Amino acid sequence: MELRQLQYFIEVAKREHVTEAANAMHVAQSAVSRQIYNLEQELGVDLFVREGRNVRLTPIGEVFLQHVEEAMKVLEKAKREVEEFLDPEQGTVRIGFPSSMANYTLPTCISAFREKYPKVKFKFRQGSYHYLIDSVITGKVDMALIGPLPKNNPKLKTEILFLEKIVALLPESHPLANQKEIKLNQLRKDPFVLFPQGFGLHELVVNACRQNGFEPDVAFEGKDIDAIKGLVSAGLGVTLIPEISLIDSKPRATKKVFIVEPEVTRTVGIITPSDRELLPTEKIFYEFLKDFFKVLSGYY
């Protein structure tokens, strides 16, 4: 059984098409077909059912795929450990983050980190709150920036980086737009523009409203913070978002208003898996994040 065979097998299983898998791997279709045939002969079972030009995994093929993917993760981790042992400052960090941190928070800390460690590479994965938690637990990413930090999850280690202030973003035509401060309860009759369910900010805003005696009227939802800002700019509703997300990109025809009763905040931090130690490059970045936000804690 060769590593190349397993790579071909995973690609064919993913695409359910031999030709497409061959094209993706820049090899001849005949080479992929031959390696899959050799693998099946060695195992003594059919891994695929042929359906015209397409293929699909047999039940035992699905079982084999799960084990092969786990084995490939182990091999990739071993390869990374060797590379980073030789030179931690040239490794790769796989990090997840939510849309609300895409415009300012993450780029700012990555830029500062690259000034000290210019050869470190990053692989980014953006997603919802629960998606990021699952990605860390399953090893799709090494760590994730997230807010608020999940509580009492034995599969995760958590580290608070800073406390983030949440503000109201209103259309400039809104009756309260010229106020410096408002009570959250004053928005009870307004349509809200929020992230969908499953996103941390959605749950935070809904819970804050409920604690103040009303259910927010969610008129529009968007998975991207710029889309949410745009809907508010168009006068279609109000939203609550991190103040820091407005530093470089406050949309036209909107007003930022502070919420003072109650003050709405969220803890922002980093999560890592509890069942493994960070690799050398990951440790460098992890410690950098803690120091970086400690310095900026006065600002945040």
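The legends below describe close-up views of a predicted model.

Residue numbers start at 1 in each chain and follow the sequence as written, and side-chain values rest on heavy atoms, with hydrogens and water left out. Because the model is predicted, local features need pLDDT of at least 70 and side-chain atom pairs count only at pLDDT 80 or more, while totals for chains, interfaces and linings use all residues.

**View 1. Confidence along the protein chain.** The protein chain has a mean pLDDT of 90, and 98% of its residues reach 70 or more; pLDDT is the predictor's confidence in each residue, on a scale from 0 to 100. Helices (H or I, at least four residues) and strands (E, at least two) are DSSP runs numbered from the N terminus.

**View 2. The salt bridge between Arg276 and Asp142.** The structure contains 15 salt bridges, a salt bridge being a side-chain nitrogen of Lys or Arg within 4 Å of a carboxyl oxygen of Asp or Glu. In the one between Arg276 and Asp142, the closest N and O atoms are 3.3 Å apart. Arg276 sits in the loop between β12 (265–273) and α9 (280–295), and Asp142 in the loop between α6 (129–138) and β5 (143–146), so the pair ties together parts 134 residues apart in sequence. Asp142 is buried, at 0% relative accessibility, whereas Arg276 is partly exposed, at 21%. Buried means under 20% relative accessible area, exposed over 50%, and partly exposed in between (1.4 Å probe, protein chains only). Both residues belong to a network of salt bridges that also links Arg94 and Glu282.

**View 3. A salt bridge between two strands.** Glu261 and Lys183 meet through their side chains in a salt bridge (3.9 Å, N to O). Glu261 belongs to strand β11 (residues 254–261) and Lys183 to strand β7 (residues 181–183), so this contact ties together parts that are 78 residues apart in sequence. Glu261 is partly exposed, with a relative accessible area of 45%, and Lys183 is partly exposed with 40%.

**View 4. The salt bridge between Glu2 and Arg4.** The N to O distance between these side chains is 3.5 Å. Glu2 is partly exposed at 41% relative accessibility, and Arg4 is partly exposed at 41%.

**View 5. The largest pocket.** This pocket has a volume of about 1,200 Å³. On a 1 Å grid over the protein atoms alone, a pocket is an open set of points with protein on both sides within 12 Å along at least five of seven lines, a cavity is a set where a 1.4 Å probe fits but cannot get out, and lining residues have an atom within 4 Å of a point. Of the 37 lining residues, Met72, Lys73, Glu76, Arg94 and Gly139 lie nearest the pocket centre. Elements giving two or more residues to the lining are α1 (3–15), α4, β3 (92–97), β4 (121–126) and α6, and α4 supplies the largest share, 11 residues. The lining divides into 19 charged, 12 nonpolar and six polar residues. Here Ala, Val, Leu, Ile, Met, Phe, Trp, Tyr, Cys and Pro count as nonpolar, Asp, Glu, Lys and Arg as charged, and the others, including Gly, as polar.

**View 6. The largest cavity.** One cavity of 30 Å³ or more is found in the whole structure. The largest cavity holds about 70 Å³ of space; a volume is the space filled by probe spheres set on grid points, which are joined across faces, edges and corners. Its lining includes Pro98, Tyr129, Phe195, Phe199 and Arg266. Helices α6 and α7 (200–211) each supply at least two lining residues. The lining of this cavity has seven nonpolar residues, three polar and one charged.
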